[in-house]
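Hi everyone, thanks for making time this morning. I'd like to walk you through one structure, starting with its charged pairs and ending at a loop.

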Amino acid sequence: MAATTSPGAGGVDAKPRTSPKSVKFLFGGLAGMGATVFVQPLDLVKNRMQLSGEGAKTREYKTSFHALTSILRAEGLRGIYTGLSAGLLRQATYTTTRLGIYTVLFERLTGADGTPPGFLLKALIGMTAGATGAFVGTPAEVALIRMTADGRLPPDQRRGYKNVFNALIRIAREEGVPTLWRGCIPTMARAVVVNAAQLASYSQSKQFLLDSGYFSDNILCHFCASMISGLVTTAASMPVDIVKTRIQNMRMIDGKPEYKNGLDVLVKVVRYEGFFSLWKGFTPYYARLGPHTVLTFIFLEQMNKAYKRVFLSG
């Protein structure tokens, strides 16, 4: 009779050692920050495009490429990285919170037998985590919008924030703490739309590609499905994103805000700038989405490998 091995003997059935949750959240935030270093110029161009032509003024930029070349010419290479500190803080707050909330909810809603939540429940968890992360990250988002918008204004009208912490302190002191969460509703709405659109469009795109007979379930199929999903997600979330950008950048005129609410932004953009102006900055937004996701996963994978090699090996 073959000898049976007890669950602990020789570590045959022992669970593989994994990094603690806190480390996973930390790496998630750091990976997002690493990716932001590369895509920050696209974020800046997108924000400038969304503010171009505001209030029935002549559009400053004809295309995204025109915006990029104009910024480089007027503000130099450093100019396209304006607001990087705010972009990094946004990732540190938004990404870490979103990952934390998602992991906690996913584990709580997993069945006692280990059955994971169904598709709709996973979507709901993703949207909840995204909205919560967006709320936590709104102050950094407000600072980012204002810092990236500053260079388009005449010198006497610029806010002149030195960095994200200087921006947060000055906003709280000069306009009140609630201003740090200005536009949090459209920011949270964008996060919900992005999560919902990504989940639905990715699975549908992948199935469509597989059914076409030209693709098998491999990395090429996943890449193409991701690109289609990114296109759908960008189209769905841009109108909410321009509302967020305009509200977070607005000034008080004679003691009154430029916009009453998100609906007022939509109405004024359509009336004075045209319906398709709701999708201003589409190209840099879409161009940012793919590289940021890919770079985030690359950095995350490398940090996980390094952690396992240093702390978990042997």
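Let me begin with a term: I call something a salt bridge when a side-chain nitrogen of Lys or Arg is within 4 Å of a carboxyl oxygen of Asp or Glu. By that rule, the structure holds 17 salt bridges.

Before the details, a word on where the values come from. This is a predicted model, so local features need pLDDT of at least 70 and side-chain atom pairs count only at pLDDT 80 or more, while totals for chains, interfaces and linings use all residues. Residues are numbered from 1 along each chain as its sequence is written, and side-chain values use heavy atoms, with hydrogens and water left out.

Now, the overall picture. The protein has nine helices and two strands; these are DSSP runs, with helices being H or I of at least four residues and strands being E of at least two, numbered from the N terminus. Reading from the N terminus, the order is α-α-α-α-α-α-α-β-β-α-α. The C-alpha atoms fill a box of roughly 90 × 50 × 35 Å along the principal axes.

Of the 314 residues, 40% count as buried. Buried here means under 20% relative accessible area, exposed means over 50%, and partly exposed is in between, with a 1.4 Å probe and protein chains only. As for contacts, meaning heavy atoms within 4.5 Å, take those between residues at least 6 apart in sequence: 73% of them join residues at least 24 apart.

Over residues 117-208, the chain is 74% helix and 0% strand, with the end C-alpha atoms 24 Å apart. Over residues 217-306, the figures are 76% helix and 4% strand, and the end C-alpha atoms are 29 Å apart.

Back to the charges, then. Which residue does D43 meet at 2.7 Å, N to O? The partner is R90, and their side chains form a salt bridge. D43 lies in helix 1 (residues 21-51) and R90 in helix 3, so this pair ties together parts that are 47 residues apart in sequence. D43 is buried, at 4% relative accessible area, and R90 is buried as well, at 7%.

D43 also meets R288 in a salt bridge, at 3.4 Å from N to O. That one links distant parts of the chain, with R288 in helix 9 (residues 282-312) and D43 in helix 1, 245 residues apart. R288 is buried, like D43.

Then there is E141 with K244, a salt bridge whose closest N and O atoms are 3.0 Å apart. Here E141 sits in helix 4 and K244 in helix 7 (residues 219-249), 103 residues apart, and both residues are buried. Through shared partners, salt bridges join D43, K46, R90, E141, R190, D241, K244 and R288 into one network.

Let's turn to the nonpolar side. By nonpolar core I mean a set of buried Ala, Val, Leu, Ile, Met, Phe, Trp, Tyr and Cys residues joined through side-chain atoms within 4.5 Å. The largest has 13 residues, and A86, A143, V164 and L168 have the most contacts inside it. Helix 3 (84-108), helix 4 (119-149) and helix 5 (164-175) each supply at least two of its residues, with helix 4 giving the most, five. If we leave aside neighbours within four places in sequence, L168 is in contact with L89, P139, A140, A143 and L180. There is also a second, separate core of eight residues, including I242, V243, Y259 and V269.

How many disulfides does a search of the whole structure find? Zero, where a disulfide is a pair of cysteine sulfur atoms within 2.5 Å. For C224, the nearest cysteine sulfur is that of C221, 7.2 Å away. C224 is partly exposed, with a relative accessible area of 21%, whereas C184 is buried at 15%.

I'll finish with that loop. D254 has a positive phi of about 55° although it is not a glycine. D254 is in the loop between strand 1 (252-253) and strand 2 (256-257), and it is exposed, with a relative accessible area of 79%.
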